[in-house]
Amino acid sequence: MKKRLIASLIGGILLASPVFAKPGPNAPEGMVLMHTLQQLDLERDQKKALRQLVRAFHEEQSGNKDGARKGKRRGESKGNLTELSETEIAQQAAEKWAKTKAHRIALAELKHDAWQLLTDAQRVQLDEVMEERKADMQARIASKKEKGELPRPFSQLDLSEEQQTQIAEILASHKSQKEAERDDWESLREQEQAIIRQTAFDAEALSALLDSHKQQFVQRAIEKAQMHASILALLSEEQIEILQDRRPMHGPGKGRRYHS
């Protein structure tokens with residue numbers, strides 16, 4: 001049971017990185033972008049052009065996903081996930097990174113095209129909206145830290161005081177890694193934003209930027225897998241079964257993500 005759950009969490013580890021982060025739960029990126037831009041004072045023709053950009057983006061991404069699903073049906077295998085070594089975790093993280101890189105470049109191009117449609121005043125307004133969102137997110141993170149609560153789904157496991165203490169110690173030991181990860185992704189987003197806001201979109205520059213973060217992503221996937229395994233070792237079989245039942249599925253409308 002523990003091996004199965006560790007394996008099932010590997011996918012969550014790879015998906016939970018901030019590189020995949022969205023402002024809303026399970027919201028398609030294009031829809032999130034539209035929601036953000038609709039807070040600006042847009043003209044009718046701008047709204048129409050933005051809708052066309054988002055529609056084209058989603059159609060392209062949907063086509064890519066359909067192709068990936070067909071590939072799996074043709075017999076492509078991701079390997080046995082029940083017993084993953086550090087090397088195997090690293091390999092799967094690298095494979096996930098390659099897919100994510102292509103998606104991030106497409107999303108960045110969408111944002112670039114949307115940015116080109118805005119006036120100078122609207123761009124200033126967008127920066128203000130994004131700063132507000134960033135401040136709200138930081139406030140939520142600070143609030144959780146102040147309360148000292150264990151992240152979900154631990155609150156549903158009826159943990160003993162000893163288990164709570166041990167899990168809190170494991171999470172605390174990885175605090176510096178998590179903070180470093182957050183700083184790295186914030187730096188990546190800022191550099192990505194600079195490319196998005198150039199007059200001409202430079203896909204090669206963005207590709208090189210993402211490549212420079214690949215090894216960090218792989219290493220942190222390994223660290224998170226090891227941390228999750230340490231936590232699972234403290235749980236009873238019954239608690240593991242509850243955790244398995246609560247394990248979220250990824251994708252639109254498929255539940256919440258596992259957060260560490």
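**Stop 1: H4 against H9**

Select Glu86, Ile89, Ala90, Ala93, Ala94, Lys96 and Trp97 in H4; they meet Lys214, Phe217, Val218, Ala221, Ile222, Ala225 and Gln226 in H9. This contact divides into ten nonpolar residues, one polar and three charged. Keep in mind that the model is predicted.

Now show the whole helices. H4 covers residues 86–116, and H9 covers residues 214–232. Their axes lie 9 Å apart, at an angle of about 135°. An angle over 145° would count as roughly antiparallel. H4 and H9 are therefore oblique to each other. The crossing of H4 past H9 is right-handed.

**Stop 2: His213**

Step back to the loop between H8 and H9 and pick His213. Is His213 buried or exposed? Its relative accessibility is 8%, so His213 counts as buried; the cut-off for buried is under 20%.

Which residues does His213 touch, leaving out those up to four places away in sequence? Select Trp97, Asp184, Trp185, Leu188 and Gln191. Trp97 also belongs to the H4 side of the contact with H9. Leu188 and Gln191 lead on to the next stop, as both are in H7 and meet H8.

**Stop 3: H7 against H8**

Select residues 175–196 for H7 and residues 203–211 for H8. The axes come within 10 Å and cross at roughly 175°. H7 and H8 are therefore roughly antiparallel to each other.

Leu188, Gln191, Glu192 and Ile195 in H7 meet Ala205, Leu206, Leu209 and Leu210 in H8. Colour them by type: six are nonpolar, one is polar and one is charged.

Notes: Residues are numbered from 1 along each chain as its sequence is written. This is a predicted model: local features need pLDDT of at least 70, side-chain atom pairs count only at pLDDT 80 or more; totals for chains, interfaces and linings use all residues. Side-chain values use heavy atoms; hydrogens and water are left out. Axes are lines fitted to C-alpha atoms, for helices over the stretch in contact, and angles run from 0 to 180 degrees between N-to-C directions. Helices (H or I, at least four residues) and strands (E, at least two) are DSSP runs, numbered from the N terminus. Angles under 35 degrees count as roughly parallel, over 145 as roughly antiparallel, 65 to 115 as roughly perpendicular and the rest as oblique. Contact means heavy atoms within 4.5 Å. Ala, Val, Leu, Ile, Met, Phe, Trp, Tyr, Cys and Pro count as nonpolar, Asp, Glu, Lys and Arg as charged, and the others, Gly among them, as polar. A crossing is left-handed if the near helix is turned anticlockwise from the far one by less than a right angle, and right-handed if clockwise. Buried means under 20% relative accessible area, exposed over 50%, partly exposed in between (1.4 Å probe, protein chains only).
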